[in-house]
Amino acid sequence: MASAVVNRGGCRIMKSVSAVLGTRFYAKVATGTDIVSAAPNVSLQKARTWDEGLASKFSTTPLKDIFKDKKVVIFGLPGAYTGVCSNKHVPPYKENIDKFKAKGIDSVICVAINDPYTMNAWAEKLQAKEAIEFYGDFDGSFHKSLELVTDLSGALLGTRSERWSAYVVDGKVKALNVEEAPSDVKVSGADTILGQI
């Protein structure tokens with residue numbers, strides 16, 4: 001299936017479709033949304049080892065600490081260690097980190113419905129931890145709040161994140177791209193978001 005962004009009332013959202021592996025819904029978040037207000041009281045978990053988690057008393061990072069007074073590129077994907085995520089989605093963000101920094105981006109963030117320990121091991125395997133900040137959304141509360149979840153039970157993954165990307169300035173979404181199918185990297189890749197900054 002092709003990915004297509006639809007403009008509705010000035011908001012960039014995706015068509016609702018039924019994919020082979022999951023059912024699609026309209027995202028709550030759109031261009032202009034304050035991402036912190038859209039996901040109130042939600043925190044993410046910075047990628048770390050179990051020992052680091054224990055030492056920090058399993059601390060989490062509030063969204064305001066991630067987005068306030070910053071220019072952020074964030075991309076979500078179905079899961080750590082999955083094929084498309086590992087081979088096609090993360091590497092171009094890592095390879096283009098200097099271009100993002102040259103455009104004034106404070107941080108490039110990868111988030112998935114995984115625990116922070118899995119995200120940490122995966123980031124290290126991809127050798128991407130120095131370039132990209134990885135966060136776990138262990139219970140899916142971030143993605144559920146934004147209505148960016150999909151059911152990938154057909155691939156034995158359960159509830160997972162859509163494949164998406166956003167350019168966020170001081171918490172406000174300036175650009176949002178959501179793939180039509182979780183196997184696509186057509187609108188959520190590094191090149192697309194670089195062109196939107």
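## An exposed loop residue

Gln127 is exposed, since its relative accessible area comes to 63%, and this residue is found in the loop between α6 and β7. Although Gln127 is not a glycine, its phi is positive, at about 50 degrees. These values, like the others in this report, belong to a predicted model.

A second residue can be described in the same terms. Glu147, which lies in the loop between α7 (141-145) and β8 (149-151), also has a positive phi, near 55 degrees, in a residue other than glycine. With a relative accessibility of 40%, Glu147 counts as partly exposed, because that category covers values between 20% and 50%.

## The sheet and its edges

The model contains an open sheet of seven strands, which follow the order β4-β3-β7-β6-β5-β10-β11 and pair in a mixed fashion. The edge strands of this sheet are β4 (61-62) and β11 (172-178), each of which pairs on one side only.

Helix α6 (residues 116-125), in turn, lies across β3, β6 and β7, and runs at about 150 degrees to β7. The loop that holds Gln127 lies between this helix, α6, and strand β7.

## Aromatic pairs

The count of aromatic pairs in the model comes to six. One of them is formed by Phe75 and Tyr93, which are stacked, with 3.9 Å from centre to centre and 5 degrees between the planes. Because Phe75 lies in strand β5 and Tyr93 in helix α4, this pair ties together parts that are 18 residues apart in sequence. Both Phe75 and Tyr93 are buried.

Tyr93 also pairs with Phe100: the ring centres are 5.8 Å apart and the planes stand at 5 degrees, so this pair is stacked, given that planes under 30 degrees apart count as such. Tyr93 counts as buried because its relative accessibility is 0%, and Phe100 is likewise buried, with a relative accessible area of 0%. Elsewhere among the aromatic residues, ring pairs link Trp50, Phe58 and Tyr117 into a cluster.

Key:
Residues numbered from 1 in each chain as written. Predicted model: local features only at pLDDT ≥ 70, side-chain atom pairs only at ≥ 80, totals over all residues. Heavy atoms only, no water. Pairing = 2+ DSSP bridges. Helix = DSSP H or I, 4+ residues; strand = E, 2+ residues; numbered from the N terminus. Contact = heavy atoms within 4.5 Å. Axes fitted to C-alpha atoms, helices over the stretch in contact; angles between N-to-C directions. Phe/Tyr/Trp six-rings, centres within 6.5 Å; stacked < 30°, edge-to-face > 60°. Buried < 20%, exposed > 50% of the residue type's maximum accessible area, 1.4 Å probe, protein only.
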